[in-house]
Amino acid sequence: MSTILIDGIAYGMLLFVMASGLAVTLGLMNFVNLAHGAFAMIGGYVTALAMNRLGVPFLLTLPLAFLVPALIGAVAERTLYARLYRRSHLDQVLFSIALVFMAMTAADWLLGSSQMLITLPGWLQGRFEIAGIGVGRYRAFLIVLCAVLVVALQLVLARTRFGARLRAAVDDQRAARGLGINVGGIFAATFAVGSGLAGLGGALGIEIMGLDPTFPLKIMVYVLIVVTIGGTASLTGPFLAALIIGTADVAGKYYIPELGAFLIYLLMIVLLILRPQGLIAPAR
Amino acid sequence: MQRRSLLLGAVLAASTALAGLPAMAQAEPFKVGLILPMTGPFASTGRQIEAAAKLYIAEHGDEVAGRRIELIVKDDASVADTTKRLAQELIVRDKVGALAGFGLTPLAMATAPLSTRAKVPTVVMAAATSSITETSPYVVRTSYTTPQVTSKIAEWAATEGMKRVVTVVSDYGPGIDAEKTFTEVFTTAGGTVENLRVPLQNPDFSPFLQKVADSKPDAIFAFAPSGVGAQFMKQFVERGLDKSGIRLLADGGITDDDILNGMGDPALVAITGFHYSAAHDSPANSAFVEAFQKANNGMRPNFMAVGGYDGMHAIYAALEKTGGEGSGDAMIEAMKGLSWESPRGPVSIDPETRDIVQNVYLRRVERRDGQLWNVEFETFEAVKDPAKAAP
């Protein structure tokens, strides 16, 4: 029971790291970016390739898995995404889903279609026991790391000048521009960080979800569910949603394996009927 | 004078060439249409089979009974509609003498009606669902069937004194095939079986493995596509199941020779049953593995490669037997009952079912010279597909 709970929380944390970037672009910048999973895939491949081809230790690859997708995200934002901010949501969906397919075939062509495998360092393998509860070392590591990220993100958004400027830019672009806020720069930076977080999530997820060129599509459903259920008003909503979905998915598969992966969709329907605005609705 | 003799020579040469024309038309090349997934998620299947077929031709020459063998490779990206279209093109436009390849069951199934109508022998080199050979009297298989292997794993588990086994299979055709066969054979032998199915799209096995850990059976029987299988073994070890006395039995696809080396130590826990291991101890196999690796940049041949290699052999041998005549009916008749020494061991084509009869081996993964290999420790000889062998 407790082991299942911990597995579920670890899985939920992982989902949150991948979804947080999308929560920001979709929620704050009002841009439907389905290509979010592609950045997660890039992060995963950066880690896998750095480990397998260059022999970089796992922990050191994680900053790379953040930086490379963030850089690609920044370039893509300035050259491609910026043109679509004012377009309709349908255009944005078509544009970003096309990016997903391009990323998938590119990965297939460059790196082959097989699953990427990595070997974790010894201290992250196996499990330990606390008060009789078996806990996987890697899952404990995930929980700690993701919890730190969540707190840091929340602090940046709520307490820093950058966070205030971002919220201002989102609320009223014209007024923000008038006050001398560099809206374009802020959007680019936010988009880059979101992409980087997705990449980090992809890298951390190799061990749990596997990594192959279909990764962006596989993860897209989960990430969208998290953002939809959580609502896009703040990061707290998606965080709660990720924990609920992660735990429900793991527990569902444990207790009622016949329902398998179906349970989370059921849960999504119920939650959306009860709270169509998301768990934490916008204050407006 | 010199010029005149040159001219004469030219005329002579031209006339002999003309005279030779009818003779050449008679011995027109025998074309083999090889339809494989060369791109997409199953590209490794295509890569292995193509390499093996080319190796076979390189080793045995491209002429059989006076006819030149011409290989036409087409990529269907494992989409059944494409496979069917390509098969039609190959039959109508290229006039192939035989079709071969077929990475997955639906791809073979989609083509079978065409084989029947056009009377083209169709050699299935990969797809493993039992019923494929029943879809057309022109289908011959040189890979394996899931029940063929799984039934022997279940038999072995029972003789080892295991009483309770949990099956964990990926929720798709071959997985369910394996689950059914294992349950049937193992319960007949007096054991009890519990079934779990894992969604194919989501390879996080942790909740399922936790369930197994809590129910403490004697063993798990697992069936998963090869890349996902590696994930399965890792999480098996991560959960400490290897130390809890639960044994891991699996179909050999889980420790696929193509990617076995990348799996690392977790692979060492698996006991698998299969029809081919690159570590099979025979002169034919060592020669095959060595030649294959030399021709393909060190890539290790897996069960797909051996299916392709033997498929080419079936075509060569049948063409030889028909004296180069090579019509569909004659080819199929010639393939029935063929037997030969394959890299995997002795094999034959069952004359009744046109399916392959072969040894099934139980193997454990061992590290030798720094590389991981599937080392065989028990052999079941001349196993027929049980789904059809049953009276």
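Author: Let us begin with a definition: two strands pair if DSSP finds at least two bridges between them. Helices (H or I, at least four residues) and strands (E, at least two) are DSSP runs, numbered from the N terminus. This is a predicted model, in which local features need pLDDT of at least 70 and side-chain atom pairs count only at pLDDT 80 or more, while totals for chains, interfaces and linings use all residues. Residues are numbered from 1 along each chain as its sequence is written, and chains are lettered from A and ligands numbered from 1 in the order in which they are written.

Reader: In what order do the 6 strands of the open sheet in chain B lie?

Author: In general, strands of a sheet pair through backbone hydrogen bonds, either parallel or antiparallel. Here the order is 2-3-1-4-5-6 in chain B, with mixed pairing. Strand 2 (63-64) and strand 6 (139-141) of chain B are at the edges with a single partner strand each, so one side of each has no neighbour in the sheet. Strand 5 (residues 122-124) of chain B pairs with strand 6 of chain B in the parallel sense, over 3 bridges. Within strand 6 of chain B, Arg141(B) is the residue opposite Val124(B).

Reader: Which residues touch the most other members of the largest nonpolar core?

Author: In soluble globular proteins, nonpolar side chains tend to be buried together. A nonpolar core is a set of buried Ala, Val, Leu, Ile, Met, Phe, Trp, Tyr and Cys residues joined through C-beta atoms within 7 Å. A residue is buried if 20 or more other C-beta atoms lie within 10 Å of its own, exposed if 12 or fewer, and partly exposed in between, with C-beta atoms placed from the backbone. The largest core has 195 residues, and those touching the most other members include Leu14(A), Val226(A) and Ile220(B). Helix 1 (residues 2-28) of chain A contributes the most to this core, 16 residues. In chain B, 53% of the 391 residues are buried.

Reader: How confident is the prediction for chain A?

Author: The predictor's confidence in each residue is its pLDDT, from 0 to 100. Chain A has a mean pLDDT of 86, with 97% of its residues at 70 or more.
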